[in-house]
Amino acid sequence: MTVGQRRGRKIMMTPGEVDAFLTTQRTCRVATVSAGGAPHVSALWFLWDGTALWLYSVVRSRRWTDLRRDPRVAIVVDTGEEYGQLRGVELSGTAEFVGEVPRTGELCAELDAVETLFARKNFGLDTIPHDGRHAWVRLRPEKVVSWDFRKLGDA
């Protein structure tokens, strides 16, 4: 279950606005925690399917190692240059690994639509190129916080 936003309600996005925003954005920042407790943030392309955020991550990365040890994750997607244009969504929860690791293209019904949509969005292709270095991580967010400073008007 997703926890509701308690602060910043004046600028928070509606569920429809969050969905539209996440569907059109391409890059997110993924925050994980190392074994020693140090935070690690990395940029990554993603796919939002309306209920989950999907990451196609290199399996020999610090991000992957951190998530394997501790699957708690926070992800931020944001945009805007000027103060009154800032918009974004923070999603947090527990990462799940889907499909084989690394992904080689083995049949996985759960990934069929995800891989097609991800390939179209990020590569302009109908199928994703499997390189044997990446694998899928899914976040079904437990908490979602959003902001859209354009709702402040001229304030």
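Visitor: How do you know that β2 and β3 pair, and in which sense?

Guide: Before I answer, bear in mind that this is a predicted model. Two strands pair if DSSP finds at least two bridges between them. Between β2 and β3 there are 3 bridges, in the antiparallel sense, so they count as paired. One of the bridges joins Trp48 to Leu53 in β3.

Visitor: Which other strand pairs with β3, and over how many bridges?

Guide: That's β6, residues 134–139. The pairing is antiparallel over 6 bridges, and at least two are needed. Leu55 has Val137 as its bridge partner in β6, while Ser57 stands opposite Ala135.

Visitor: How do you know that β5 and β6 pair?

Guide: By the bridge rule again: 4 bridges, antiparallel, with at least two required. Val98 has Trp136 in β6 as its partner.

Visitor: What makes β6 count as mostly covered?

Guide: Buried means under 20% relative accessible area, and 6 of the 6 residues in β6 are buried. Both faces are covered. His134, Trp136 and Arg138 are on one side, with Ala135, Val137 and Leu139 on the other. Strand β3 is mostly covered too, with 5 of its 6 residues buried.

Visitor: Why is the aromatic pair of Tyr56 and Trp136 called tilted?

Guide: The structure holds 8 aromatic pairs. For Tyr56 and Trp136, the ring centres are 4.5 Å apart and the planes are at 35°. The cut-off for a pair is 6.5 Å between centres, so they qualify; planes under 30 degrees apart would be stacked and over 60 edge-to-face, so 35° comes out as tilted. This pair links distant parts of the chain, since Tyr56 is in β3 and Trp136 in β6, 80 residues apart.

Visitor: Why is Trp45 called partly exposed?

Guide: Its relative accessibility is 31%. Partly exposed runs between the 20% limit for buried and the 50% limit for exposed, so Trp45 falls in that range. Trp45 is placed in strand β2, residues 39–48. With Phe123 and Leu125, Trp45 forms a nonpolar patch on the surface, with about 260 Å² of accessible area together.

Visitor: How do you know that Arg26 lies over the face of Trp45?

Guide: Arg26 is 4.0 Å from the ring centre of Trp45, and the distance limit is 6 Å. Lys121 gives another case: its charged end sits over the ring of Phe46, 4.3 Å from the centre.

Visitor: Why is Asp66 called buried while Arg62 is called partly exposed?

Guide: Asp66 has 4% relative accessibility, under the 20% limit, so it counts as buried. Arg62, at 41%, lies between 20% and 50%, so the label is partly exposed.

Visitor: What makes Glu96 and Arg138 a salt bridge that ties parts together?

Guide: Their closest N and O atoms are 3.1 Å apart, and the limit is 4 Å. Glu96 lies in β5 and Arg138 in β6, so the bridge ties together parts that are 42 residues apart in sequence. Glu96 is partly exposed at 26%, whereas Arg138 is buried at 7%.

Visitor: How do you know that Arg133 and Asp131 meet in a salt bridge?

Guide: At 3.4 Å from N to O, they are within the 4 Å limit. Both are partly exposed, Arg133 at 49% and Asp131 at 38%. Elsewhere, salt bridges with shared partners join Glu96, Glu110, Arg138 and Arg140 into one network.

Technical notes: Residues numbered from 1 in each chain as written. Predicted model: local features only at pLDDT ≥ 70, side-chain atom pairs only at ≥ 80, totals over all residues. Heavy atoms only, no water. Patch = residues over 30% accessible without salt bridge, like charges linked within 9 Å, V, L, I, M, F, W, Y side chains within 5 Å. Areas by Shrake-Rupley, 256 points an atom, 1.4 Å probe, with all protein chains shown as cover. Salt bridge = Lys/Arg side-chain N within 4 Å of Asp/Glu carboxyl O. Helix = DSSP H or I, 4+ residues; strand = E, 2+ residues; numbered from the N terminus. Buried < 20%, exposed > 50% of the residue type's maximum accessible area, 1.4 Å probe, protein only. Phe/Tyr/Trp six-rings, centres within 6.5 Å; stacked < 30°, edge-to-face > 60°. Lys NZ or Arg CZ within 6 Å of the ring centre and 35° of its normal.
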